[in-house]
Amino acid sequence: MVRETSLSIEAGNESSKFDDDGRLKRTGTLLTATAHIITVVIGSGVLSLAWTMAQLGWIAGPIALVAFSVITWFTSILLVDGYRSSNGTRNYTYKDVVRSHLGGIKVQLCAIAQYSILVGASIGYSITASISLVAIKRSICFHKIGHSNKDNCHMPNNPYIISFGVLQIILSQIPNFHKLSILSIIAAAMSFAYSTIGVGLSIGKIAEGGNLESGLTGIPIGPNMPKMEKMWNTYSALGNIAFAYAFSNVLVEIQDTIQLGAESESKVMKKATLAGISVSTVFYMLCGILGYAAFGNNAPGNMLTGFGFYEPFWLVGLANLFIVIHLVGAYQVLSQPIFGVVEDWIKEKWPKNKFLTGEYSIFKLSLFRLTWRTSYVIFTTTLAMLFPFFNDFVGLIGAITFWPLTVYFPIEIYLARSKIPRFSFKWIWMRSLSGICLVVSLLAAAGSIEGLVKSLGMFKPFHSVS
């Protein structure tokens, strides 16, 4: 009898370590989910919003920022509700959600779109991090020899891309998304830090005064701004805002980290989504509006790496360091879904192969994980060095994938789940919203292609200089 009681207690303790799907108990909270979202959403692109505002002006710029924050929040809420299938089972990835509620070729299209932007963003982050690392040294150089001798402060980016890659090889051994909480919280704090520095420096520049030209419609058409260039810049700026908020490519994976407690995963994730997008919108508005007020129509592409500010040089350097730390965490948040899908497929295909599925020592070292993830980081690092203009390509991928991942699939999943009648009022307005966002996505893609063509004209492989 005592033995039976002991066994039942052990069984109860053992079962408490697992969730309803048999996987290890999830430990994610509202805080960690919000941190993951902010880490993905508030990238260093927030510092380019002054340039974006300069293209759109005082009216269209703020309206676009608010409008797309609301659209992204709304469609994200629709996607959150798709995490559980109608029978209550979990969907671990975006592709699983699409398979559960829509099926067919849409599953493959979703996978192509999601993993394309994740790989592309990983490569883009490697380039951006190297530019910020170089900017730290350049800010010191400018301080020593003056701002007029800019040509003497150019430096190659490739050594810093390699350094970033080496660090990512080490961090990529973090087993899964569930173990990224601390890294994500640090990264989110860094995004607050450099955004705040950007805002503070903008306020300081505004206080200095000066006759800076700005306008209700942004940079006016004239000798310095031909009609065609104005059109392309407007499309690019609109696209930048549209997918500045997008995090649907990792939304389901973030939701899958949340522990099941007094509130369901969907309720916690909805709160995290609202908090993440609200915080992001506040920082976007501050950086965009104050940056445009500080620089006017001459706003640089990036307030920190583009040297809109030179002094205090130590603060500019510190802000760039914060950008790098943030990108270290963001790279991992975007790479873990790729790592996970490959490793899950391998385990399912060859479950008894010790090299592919075995883990060793207290650190749970996996030889396959070490090999595969190291290879992935080397691949993204090599492409970052080979194509120094890759960020333009990432912009194109972002424009192409914004509509299906952020708008189309969430709306289609909702319509299918809720069995909304065709041509009903709700069906019509939701499809109309999807159509409008498709147009924005196409215009942004056109603007990105134009920028990509320009970059290709100056392309030199493995030649990246800041």
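Residues are numbered from 1 along each chain as its sequence is written. In this predicted model, local features need pLDDT of at least 70, side-chain atom pairs count only at pLDDT 80 or more, totals for chains, interfaces and linings use all residues, and side-chain values use heavy atoms, with hydrogens and water left out.

**Stop 1: Arg 84**

Select Arg 84 and Asp 20. They form a salt bridge, with the closest N and O atoms 3.1 Å apart. (A salt bridge is a side-chain nitrogen of Lys or Arg within 4 Å of a carboxyl oxygen of Asp or Glu.) Asp 20 sits in the loop between helix 1 (2–15) and helix 2 (30–41), and Arg 84 in the loop between helix 3 (49–80) and helix 4 (94–101). The two are 64 residues apart. Helices here are DSSP runs (H or I, at least four residues), numbered from the N terminus.

Check the cover. Glu 265 is buried, at 3% relative accessibility. Arg 84 is partly exposed at 22%, and Asp 20 is exposed at 52%. (Buried means under 20% relative accessible area, exposed over 50%, partly exposed in between, with a 1.4 Å probe and protein chains only.)

**Stop 2: a network**

Select Asp 19, Lys 25, Arg 26 and Asp 256. Salt bridges link these four in a network. Zoom in on Asp 19 and Lys 25: their side chains meet at 3.5 Å, N to O. Asp 19 is buried, at 11%, while Lys 25 is partly exposed, at 41%. The whole structure holds 12 salt bridges.

**Stop 3: a nonpolar patch**

Select Ile 182, Ile 186, Trp 314, Leu 318, Leu 321 and Ile 325. Together they form a nonpolar surface patch with about 560 Å² of accessible area. Helix 7 (181–208) and helix 11 (313–349) each give two or more residues. Helix 11 gives the most, with 4. Click Ile 186, in helix 7: Ile 186 is partly exposed, at 41%.

**Stop 4**

Notes:
Patches are made of residues with over 30% relative accessible area and no salt bridge: like charges are joined within 9 Å, nonpolar side chains (Val, Leu, Ile, Met, Phe, Trp, Tyr) within 5 Å. Accessible areas come from the Shrake-Rupley method with a 1.4 Å probe; for residues, only the protein chains shown count as cover.
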